[in-house]
Amino acid sequence: MASKVVKEKKRLGFLGTFFKWFYLIFFLCITLLPLIWLFITSFKTNLEFETASAFSLPKVWQFGNYVKAISMSGLPRLFLNSIIVAVFATALNLIVSAMGAFAIAREKFKLNNLLLSVIMSGVLIPIIALMVPYFRLIKNLFLIDNLGGLILVYSAINLPISVYLIHGFMSTIPKELEEAAVIDGCTFSQRFTKVIFPLSQAGLATAGVLMFIYCWNEFTYAMLLTNSERARTLQLGIRYFKSQFVVDYTSMLAAIVITMIPTILVYVFMHDQIIGGMTNGAVKG
Amino acid sequence: MKKNFLVALLAIMLAVPSFVFANGQSESAGDKEIEIRFSTIWVGADTKAAPVKELVDEFNTANAGKIKVIIEENPDADAYRSKINTMLGSGSAPDVFSFNPDQTSFMFYDSDVLMDFTDELKGDWASNFVDGAIESATINGKTKSLPFEMGYTPIWYNMDILEEAGVSEIPQTFDEFWDACEKIKAAGYVPTSQMTGGTNAWTSMLWYCHILNAIGGPNVWEKDFATDPVFVEAAEILNRMYQDGNTTVDAIGGDAGVSGGHFLAGQTAMFINGPWYIGRVESEAPEVFAATQIGPGPGDKYSNGQVGFPQSNLVAANTSDPAKKEAVLSFLKWMTTPENAAKISQASGAMLAVKTPGVTGNRVQTQFNEAVNNASFLQTHFQFNFATDVMAEFGQALAKMASGKATAEEFVAQIASKIR
């Protein structure tokens, strides 16, 4: 009888392990296959891209696609612009979001929940609907074709999601820590700068990484608010291979591979903070 | 203290990149050099990029110290269209730019944001343009854009495939066309390239226009789309092109890369695109290029009609500064002289609405010209006649019909529901 139970447990254990690995490998394939396709195709000719099977290797590896990707679209300058915009917009967004989230999460007043709901409703507005007002605003600020304009817009667009994430994290910090700080003489702003802000690092990292990835990949507003290479970002460089009627797909894919590297690196080095921050924020009621 | 520090930090974050990477918000003034910003999609991989830049450089050299034209590069045509519409909707526009002359763009004729060329075109300037071109850009007596690039989209036939299938002549009627399709399939090839994807289902939209030419005649767009049976009849023929192996299995959802790719690979026998595609076929598929013959679509009540339409118009922002207006007109006149237009046409293969004397082309380009010149009539395409949202509906409705989820009547009704 006992051996039967042990056997059954073993069988269930094996099935559990099998399904666990099947599930993981299935999603690994779903995630990796497009990236593998992208990498292989970036070395093909356009004719091979359009006619050969998706995962077939190129007859001759076209390293020239990468040379063209870098030289034709001015990628180095656009790379620098993307880094500046992403870093400054992320920093600006985090500072403003953290202050907003602090007030909503730690200060009790009548409109806490309403204020959070109003800010969160910004997530529901399609960014295309905001194109005309943002264009007018940035134009009136004389920030068209200027990195400052992009930084301002990106910071603002992502405020709702950043406030939500950081608010969720700040809400988990015990009230007693703040009360102790008040007894020790901390002012309102010191409670933020010396207690809550440092303790919210994981939430800030999560919001920061999501913000950075958004800034890195954003195209619509980069196209709308800039006119020249001096203020343009990488995503516009990728489009240099797409003319009105003809697309140089393989050079474009080579450019995409190059532009993906920083976001992959950010995720590789910070995935603990991203996952940790998201789950911490998620379980808080 | 801390508060002040945070405020200062925020200000610095915004100000540093703004100042360090500012390139100046330029304004023309007084005796200074007048700066004209020319916003265009003719950049990057576009075949007109090099000759247009060359002409701009020549203009700048000739007007050094007085006028300077700066090209603002916009590499993505769809995003550029969205950008221009947003700018126009905001009441502003680049100094000089190009737009697709469709019903959405023409709506901005009612605003004051565009420069009016009507009076200027009453002089010699108008003689630079081909017959009827200025009229195509004139609405309610106002010409607020200059016709520049024309699109002509005859049928491309791969004669190697047709001959291997035992079809020696281009099909002249739909009976001959379906007969040719059967023979092509029997020979192991696919008759037509089609696509429902992209923003406008380009290849299939053009097939639909050729069918409408054949059964509806030269004034088909004057008919009521929702009620006239000719549109349903054409939809039935287009639907048949999607059935029974008459096109590739990836046509539903496929984009221009799919429809063009099959033709480039020598897998499909009949395809539609404009002259801008010639260079690509010549460089990437020389065997297909050698076998290509350009011609009309099959005829029915009407025959030998072609699809031709204004592709890009040059436009300028309205300005109250007479010096700036003079500078803009000077540049536009430079770009539309027959000699300069010929340079663009010769280098890119583009067919322009400006006269282009002395332009020579390769065999397929010559056939393009012959097809257009010999056409019994030219008619604009679907996209020219309807707004952007109606165009977007075309691909959606076509995918439904081609996959058997809608009839031809429902296809027409779905599109008609978007027409205001």
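1. A salt bridge is a side-chain nitrogen of Lys or Arg within 4 Å of a carboxyl oxygen of Asp or Glu. In this predicted model, the side chains of B:Asp76 and A:Arg239 are joined in that way, with an N to O distance of 3.5 Å. The pair counts as a salt bridge because 3.5 Å falls within the 4 Å limit. Across the interface of chain B and chain A, one salt bridge is found by this rule.

2. How many residue pairs are in polar contact between chain B and chain A? There are six, counting pairs in which both residues have pLDDT 80 or more. Several elements of chain B take part in the side that touches chain A: helix 1 (2–20), strand 2 (67–73), helix 3 (77–89), helix 10 (256–264), helix 11 (278–284) and strand 11 (305–316) each supply at least two residues. Helix 3 of chain B gives the largest share of that side, nine residues. Sorted by class, the side of chain B that touches chain A holds 20 nonpolar, 15 polar and 11 charged residues.

3. As for the extent of the interface, 46 residues of chain B are in contact with 47 residues of chain A. The two chains bury about 4,500 Å² between them, and carbon and sulfur atoms give 63% of that area.

4. Within chain B, the domain assignment gives two domains, each made of two segments: domain 1 (34–151 + 310–352) and domain 2 (153–307 + 370–416). The C-alpha centres of these domains of chain B are 31 Å apart.

5. The two domains of chain B also touch, with 13 residues of domain 1 in contact with 13 residues of domain 2. About 1,100 Å² is buried between domain 1 and domain 2 of chain B, 57% of it on carbon and sulfur atoms. Which three residues supply more than any other three of the area that domain 1 of chain B buries against domain 2? They are B:Gln103, B:Gly151 and B:Met351, which supply 34% of it.

6. Between domain 1 and domain 2 of chain B the count of salt bridges is zero, while two residue pairs are in polar contact, both residues being at pLDDT 80 or more. On the side of domain 1 of chain B that touches domain 2, two or more residues come from each of helix 3, helix 4 (103–106), strand 6 (146–152) and strand 11. Helix 4 of chain B gives the largest share of that side, three residues. The residues of that side of domain 1 of chain B divide into four nonpolar, five polar and four charged.

Technical notes. Residues are numbered from 1 along each chain as its sequence is written. Chains are lettered from A and ligands numbered from 1 in the order in which they are written. This is a predicted model: local features need pLDDT of at least 70, side-chain atom pairs count only at pLDDT 80 or more; totals for chains, interfaces and linings use all residues. Side-chain values use heavy atoms; hydrogens and water are left out. Contact means heavy atoms within 4.5 Å. Buried area is the accessible area (1.4 Å probe) that two parts lose on being put together, summed over both. A polar contact is a pair of N or O atoms within 3.5 Å; within protein, one must be able to donate a hydrogen and the other to accept it, and residues adjacent in sequence count only if both atoms are side-chain atoms. Helices (H or I, at least four residues) and strands (E, at least two) are DSSP runs, numbered from the N terminus. Ala, Val, Leu, Ile, Met, Phe, Trp, Tyr, Cys and Pro count as nonpolar, Asp, Glu, Lys and Arg as charged, and the others, Gly among them, as polar. Domain bounds come from an automatic or database domain assignment.
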